[in-house]
Amino acid sequence: MRTIDWADGAIEIVDQTALPAQTRILRLSTVEELVSAVRRLAVRGAPALGVAGALGVALAARLHGGEELRVAVHTIETARPTAVNLARGARRAAARLAEGPDAVLAEALAVRDEEIANSSAMGRRGADLVLQLCGGAPRLLTHCNTGALAAVVGGTALAVAFELHRRDALGSVIASETRPLLQGARLTAWELGQAGIPFRLSVDGAGPFLMARGEVDAVIVGADRICANGDVVNKIGTYAHALGAAAAGIPFLVVAPESTVDMDTPDGAAVEIEDRAADEVAAGLPAANPAFDVTPHHLVTAIVTDRRVVMPAGSLGSGPAAAAGLSGGGADDGDAAPVGGDGGHPAAGATQLA
Ligand code: MRU
């Protein structure tokens, strides 16, 4: 089952607001229905949002023209601000508008197919790195949901757990519940259960202590936007888990497709963080509810994409990367390496993703 797909002139998604109680397929036949599904997280997760953006424009190209079409495209690409994939997918499809609706749909389906291929590549590369860093039977902690529900199939960070399980090399998984919308307790738990992978849930605040108590070998998360300097924007609570991992001296791994690497955004401070409604936190009470946070590059042990493993320069020479004998150098395939396309190390502390 694909999380999102094109079917007979409309977009079909697994309604993630109904999970885990119900596996409900929603058929989205208008731009308004698509935008509403994005805003209320019936479809969510960076790669899935990229596909939603592209398919949304394909739908708009069939239903609208002229100014109406321009407005529809803008509404789709700005439905949520933080995950770079949404606007990127929409713009990529929109770039084919002059060629007609079939060309736009072909581009959108190409975005879908690329994310499908990206998931298995990230799963394999991430599993290799985790075994390299942690040895056999690694005990993983993950935050938010980064499985097939956040992509089309497979996922990103959770695809690494699926791959380790497939290799019979996975130790255990702790999934943080991920308040306030419980992507961990509702979606990750459901996916792990479907895959027959034993897991435990934890409250978000427990993660750093579980690491300090020696119950976790590596933290593995996704990303909504990876900035040019290596800063990582992801679900609120990720930064706290990165601080916990650094204090415990264990790897903090980010798994995301190249489609989430945003070279136009220099660092985390430049990213618009979505602030969502207070009543998601507690009904009727005033609340601060940023949906994402920024993990500075120096807390990131490695970024695993579909094409490469990147070691933000700031973490080299200390902690788990050094312990595993991972050295510098720009490389697309094979062993982990720092970013720098030129193989050299950028200035200490700042990483330029080439
Ligand atoms: O608000 P959400 O559920 O869309 O947030 C999703 C996340 O933060 C994920 O970790 C991220 O998009 C990566 S998904 C593979």
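**View 1. Ile11 and the residues around it.** Leaving aside neighbours within four places in sequence, Ile11 is in contact with Ile4, Asp5, Trp6, Leu26, Arg27, Leu28, Leu34, Leu55, Gly56 and Leu59. Contact here means heavy atoms within 4.5 Å. A quick word on what you're looking at: this is a predicted model, where local features need pLDDT of at least 70 and side-chain atom pairs count only at pLDDT 80 or more, while totals for chains, interfaces and linings use all residues. Residues are numbered from 1 along each chain as its sequence is written, and side-chain values use heavy atoms, with hydrogens and water left out.

**View 2. The largest nonpolar core.** Ile11 turns up again here: in this core of 40 residues, Ile4, Ile11, Ile13, Val38, Leu55, Val57 and Ile76 touch the most other members. A nonpolar core is a set of buried Ala, Val, Leu, Ile, Met, Phe, Trp, Tyr and Cys residues joined through side-chain atoms within 4.5 Å. Buried means under 20% relative accessible area, using a 1.4 Å probe and protein chains only. Which helix gives the largest share of this core? That's H2, with 12 residues. Apart from this core lies another one, of 24 residues, including Val160, Ala161, Ala169 and Val173.

**View 3. The open sheet S1-S2-S3.** Three strands line up in that order, with antiparallel pairing. S1 (4-7) and S3 (25-28) stand at the edges with a single partner strand each, so one side of each has no neighbour in the sheet. From one strand to the next, the twist averages 25°. Strands (E, at least two residues) and helices (H or I, at least four) are DSSP runs, numbered from the N terminus. Two strands pair if DSSP finds at least two bridges between them; S2 (residues 10-14) and S3 have four. Look for Ile13, whose bridge partner in S3 is Leu26. Helix H2 (residues 46-63) packs on the sheet, touching S1, S2 and S3, and its direction makes about 20° with that of S1. For such angles, axes are lines fitted to C-alpha atoms (for helices, over the stretch in contact), and the range is 0 to 180 degrees between N-to-C directions.

**View 4. Strand S10, covered on both faces.** In a regular strand the side chains alternate between the two faces of the sheet. In S10 (residues 252-255), Phe252 and Val254 sit on one side and Leu253 and Val255 on the other, all buried. S10 runs parallel to S7 (residues 218-221), joined by three bridges, and also pairs in the parallel sense with S13 (residues 302-304) over three bridges. Val254 is the bridge partner of Val221 and stands opposite Ile303 in S13.

Key:
Buried means under 20% relative accessible area, exposed over 50%, partly exposed in between (1.4 Å probe, protein chains only).
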